[in-house]
Amino acid sequence: MKLVLLVAIFANSAFTHKFPFTYKFPENFHTCHVTDPQLDNCLKITIENALRLIGSTGIPSLYLRAIDPLKVTKIEIGAGTNAVNLVQKYSDVSLHGIASSKVENAHLDIDRKVLTFEIFIPSLTQEAHYDINGSILVVPVYGNGKSVQKLFNVTVISTITFEEETKNGESYFKVQSYKLSIDPRKGEYRFDNMFDGDERLGATILKTLNDNWKAIYDDIRSGLEGAYAAVFKSITNGFFSKIPNGEIFLK
Ligand SMILES: *[C@@H]1O[C@H](CO)[C@@H](O)[C@H](O)[C@H]1NC(C)=O
Ligand SMILES: *[C@@H]1O[C@H](CO)[C@@H](O)[C@H](O)[C@H]1NC(C)=O
């Protein structure tokens, strides 16, 4: 059984999979009825439950891959406009913490096909190989090596706009746009091997970065949000493009 699923995922990623897709909801997957007068509350439970179930294993039978850690091959954040004047390149990215999200609220606007939900994450850690060259707070910086960036008490608001498409007589959702707002109470940065390993200079700059974490964060914020929104758009689409929406939102 497991082997069959693995082959299906592999085949799917190579786009050789035949439509319609087979899928299976885990028994403990929480679903909602669109007619539920408490739909928003139901969605809140569904999303929290789904994030936990997806966790470190994913749900292969629903084409959902692991999100904690969330592995991303490459993230590139363009130069900011104020404090941060450098292009940041990250590779082999692992983001830890999503599975311990607490969903604060959720809302589905059925007519406009917009799903909004707010989650709270106590601690979000991005580990990656970094490569930067430019300036931060007018100080020239460069380096490449291991980086760890932590955000604490993070409020994340997702706004997902869907469009509907009919395939084989069944209706599916397709994510048209995915917007993220990521708002932390505190940030902590670590970049090893800055300035070709000049440890004293590296430590001085790191202290400056951490003392000014908020200005730095505000400047890279939209780049970071855009990069992760693209990742989540792809994950969400992988799910919605294969499961008819009548199976996700029960009548
Ligand atoms: C950083 O960029 C500057 C100007 O673009 C270049 O002169 C310099 O050699 C670069 N430094 C490193 C370490 O790549
Ligand atoms: C994060 O939230 C917890 C619980 O609300 C609080 O005790 C802690 O001081 C907060 N930390 C920061 C950095 O805001």
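1. Starting with the surface: the protein exposes about 13,400 Å², and carbon and sulfur atoms supply 55% of that. Areas are Shrake-Rupley with a 1.4 Å probe, and for residues only the protein chains shown count as cover. Keep in mind that this is a predicted model, where local features need pLDDT of at least 70, side-chain atom pairs count only at pLDDT 80 or more, and totals for chains, interfaces and linings use all residues. Residues are numbered from 1 along each chain as its sequence is written, chains are lettered from A and ligands numbered from 1 in written order, and side-chain values use heavy atoms, with hydrogens and water left out.

2. On the fold, there are five helices and nine strands, running α-β-α-β-β-β-β-β-β-β-α-α-α-β from the N terminus. These are DSSP runs numbered from the N terminus: helices are H or I with at least four residues, strands E with at least two.

3. Of the 251 residues, 44% count as buried (under 20% relative accessible area, 1.4 Å probe, protein chains only).

4. Now α2, residues 39-54. Its buried residues are Leu39, Cys42, Leu43, Thr46, Ile47, Ala50, Leu51 and Ile54. Down the axis of α2 they fall within an arc of 165 degrees (from directions axis to C-beta), so they line one face of the helix.

5. Last, ligand 2: Asn153, Arg185 and Lys186 surround it (a heavy atom within 4 Å). One of its oxygen atoms is 2.2 Å from an N or O atom in the Asn153 side chain. The protein covers 31% of the 360 Å² of accessible area that ligand 2 has on its own.

Note on methods. Buried means under 20% relative accessible area, exposed over 50%, partly exposed in between (1.4 Å probe, protein chains only). A polar contact is a pair of N or O atoms within 3.5 Å; within protein, one must be able to donate a hydrogen and the other to accept it, and residues adjacent in sequence count only if both atoms are side-chain atoms.
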